[in-house]
Amino acid sequence: MSRLKPIKISFLIGLVAISVAGIVWITLSDFLDPWEWSTLDARLRMVENRSESSSIVLIGRDAKSEAEFGVGLWDRAAFATVIEALGEAGASVIALDFHFAGKSPPERGGTQSDAKLIQAVRSTKNVIVPLAVTVSGDSSLSTASTIPQELRDALQHGSSAPSYLRDEDSLIQTRLLSPPLTGLASSASGIGHIAASSDSDGVYRRVPSHVRLDNQIVPAFGVAVAAAYLNISRQPIPLKSGNRLQIHKNEKTSSALVNFPVDNQGRFFIRYAGRWLESPFPYFSFLDIWEAIQADRKDEIKHYMAGKIVLMMHAALSADKRRTPFETSVPGGFVHANVIQTLLNGNGLKESSKLGIGLLMTGSAVLVAFLALTLPLGTALCGIIAFTFLYLGISHVGLSSSDLVLPILPILATIAASMTISFIYIRWKNELQIQDFEKERIRLHRDILEAKELLTSQESKSERLEDDLAALRDQFEAQEEEKEVFASQIEKEKQSLAEANEQERLTRKHLGELEKELASHQLIHVHQPSLPTETLKTLQEECQELGIFTQDPTLLKCYQDLKRVAGRKTPIRILGEPGTGKELFARAAHRLSPRAQGPFVAVNMSAIPTELFESELFGHKKGSFTGAAQDRPGLYESSDNGTLFLDEIGDLPLHQQAKLLRVLQEGIFTRVGEAKPRKADVCIISATNKDVLKGIAEGWFREDLYYRLKGLEISLPPLRDRPGDLPLLAAELIGRITAEQGFRNVRLSVEAMNTIQRWPWKGNIRELQHCLETAVSLAEKGVIRPDDLRLIPQVKPEGDNQPFSPSTIPPGDPKKDDAVLLAYLRQHSFDLQATGQTLGWDRSTIMQRLKGMCFQTLVDKNGDLRATATSLAGEPGLIRLVEVKLKEYVQHLKKVTATFSTEDAARAGCRKRFKNLPDRYHDALGTLVEAFFKSETFLK
């Protein structure tokens, strides 16, 4: 796959992942937003706030002060006294976080007290007072009639009011809750709103730098205090379209320009200096200041207050408590102090723009998809995890060094969505590849079958032409007067034979190419990383608990895959040679599943008699057939809430396979003799040692049944491919055998173990078990020696230089024993030339033997061609090839027989014509000649 294609697919997956993450975020924003804010809070707690020495001093009306002055309203003359004292002490700005609304009652000093407060504010000339407003999206709630003219004038002409502000329509709309005490706003040097509102989780993280009050623009209380502290004149404080709050420095001060990031509504993040309980700002109780004034400790007050911003606030009022990223309850004045400190330090948080977030999400999604598509699974996961931690690290560094707030949960959601979609795509793509691979293998099998049939036909034609040519030569030698005629016929036959041989050569070449192509189409394996040693050890221990003794990584990986799907109802198909432990793995899957307490029913599909198949599998009703003496559940029904193991499913006859389709699809079946359908909940595990894809191509296995049984497919390696398991298996089997037979302390000698490790074990574990059972019985003095194993090397036929196939060749001499020769023919798909090469024989010898076996079997089967072909083929995939040869031999025999007028002449003539046929088949040849003369319908 080119590098360009994964990049394109990665972009597509990235776009889908962003869409999914966006939809999820929009749908669940009320739930997810607080979580995202909490990630910011966590990062802020880890980042040290780069605060310079504090310019803010807090004076709190706390519980100690209220014990002296009382709760509720105080005499405002007390505030006037403190304000004047602070002014005399040189406080740069005095910020009053007290909402002095309405007139004082007589018991609290009345109008005289109010007058003292107003006079103190006016005379001090550096007092900022708050404006109580509330956020409202309806501008009709705030009208000109609700704002006193004095307040309107103060907002328009106050020294902290901005004379120019862009994009003011985007500011938050507010309404006035209650105006300040008459005369107070006009006497103060500045006014600021206190309309801070919490986020959806109740935490105060942001404050509007300005709000709209009717047609007036009101700065935040903290902005007004900072502007006054920086000695800002009535110059513009613009909220620029680039989302930056700019406060221009005054020429008379060296204070730096405040250029502050805000959002599209003019809000900015508050950088909290710390926890309220940790006292990040110098704090004095109102009572302490009052007592210092009464004691005339002016120098002490000046020491602490000169040049400072003094914020007078509620410290004990429960209604004025706020939740911050660091604490659940702090005074509202503490929030204002942090707003002021944030502005003075110029370290406002820069929130990522929507475009920036979109680019981050896109880049993350595409990168994750690219890693998943181009790297092996384990490496891809490591890469994705590494990228995730790298991004988290970058977000932390960005916050600590550049005050940049990068999104966390949206990116993590995008990464998760991209990773999930990528792995779904990979799985879908792998399934498509496997399907294409299976279809390609089926096609190749079909092409090979067609080529073999054509080759068989051409081979038979060549054999027939060779026979005809030999007969013509005999006639040429016997009849002197017609030699010229026979010579001409001989030349024609030679030419025909040469053409047939050339066609056979080309077909054989094409067949070889197809077989090479099929061999190159091995099973597609998705790259699996090697398992860690600890994992292998754990899997080995689990396997031993289930009776599976192995340390082979391939087999342990098979067990791991089995374990993953055992909890689901996914069909499992186990492939492997006989004796590799397919039923043991099936039982393990059952024990690992939630059905472990249910039944496990194993059935050998090839062992069920054809006439009893439905009764055995689905059950029958009493009286439904002869011998049905009572109702009987079938194997499928007996497996309800459990597992049914269909062993050797590849040996199930074709006409019985269709009966499994509905029950595998829907779990519905009907007992023999009943009309009412039944249903059972059964997990299906199948096993076979046959190539069912080849069976589909050759017509002996249904394709729809193949896909019904398809789920997890595990292929168990043969014992010869895992020699490391031999000592482990041998020790375990000897222990079992000795326990069963009553022997003690039987062990393998080193020589015997070496013999076991050299043996090919075509029968796998079953052969090893039978071998050790014999060896334990023969062992002397508790030691098994090589001779006790009775492992006699199989002698190959003379000329056989080919390696033994796992297929079983019966012992015997193929020159004398038809069964042995037939096994070789089956092994080579009845290719006479290939069989001859294996045995070191010429093709003519093989042909004559096969022809004789065909004639003899045809007689034994009473002329049934299909039954004869089935008997000789031995397996469904070879029947059609045998039929081609059989029909060619029979047609040739009938053609030769038809040239004679009498049965006796035909017998004699056929014996002469088929003189190379071994003598033991001549009786069958005569029987066929007799049958052809007596009945034209002999062949069926």
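Predicted model: local features only at pLDDT ≥ 70, side-chain atom pairs only at ≥ 80, totals over all residues.

Residues are numbered from 1 along each chain as its sequence is written, and side-chain values use heavy atoms, with hydrogens and water left out.

First, the sheet. Helices (H or I, at least four residues) and strands (E, at least two) are DSSP runs, numbered from the N terminus. Two strands pair if DSSP finds at least two bridges between them. The sheet is open, has five strands with parallel pairing, and its order is β19-β22-β25-β18-β26. At the edges are β19 (600–604) and β26 (712–715), each of which pairs on one side only. On average, neighbouring strands here are turned by 15 degrees against each other, direction ignored. For such angles, axes are lines fitted to C-alpha atoms, for helices over the stretch in contact, and angles run from 0 to 180 degrees between N-to-C directions.

Strand β22 (residues 642–647) and strand β25 (residues 682–688) run parallel and are joined by five bridges. In this pair, Gly642 stands opposite Val682 in β25.

Which strands does helix α17 touch? Contact means heavy atoms within 4.5 Å. Helix α17 (residues 553–565) packs on the sheet and touches β18 (572–575) and β26, its direction making about 160 degrees with that of β26. Helix α18 (residues 582–592) also packs on the sheet, touching β18, β19, β22, β25 and β26, and its direction makes about 165 degrees with that of β22.

Now the helix pairs. Helix α16 (residues 533–545) packs against α17 at an angle of about 75 degrees, and their axes are 10 Å apart. That makes α16 roughly perpendicular to α17, since angles under 35 degrees count as roughly parallel, over 145 as roughly antiparallel, 65 to 115 as roughly perpendicular and the rest as oblique. The residues in contact include Leu536 and Leu539 of α16 and Leu556 and Tyr559 of α17.

The second pair is helix α31 (residues 865–873) with helix α32 (residues 879–897), at an angle of about 125 degrees and with axes 8 Å apart. That makes α31 oblique to α32. Among the residues in this contact are Leu865 and Leu872 of α31, and Ile879 and Leu886 of α32.
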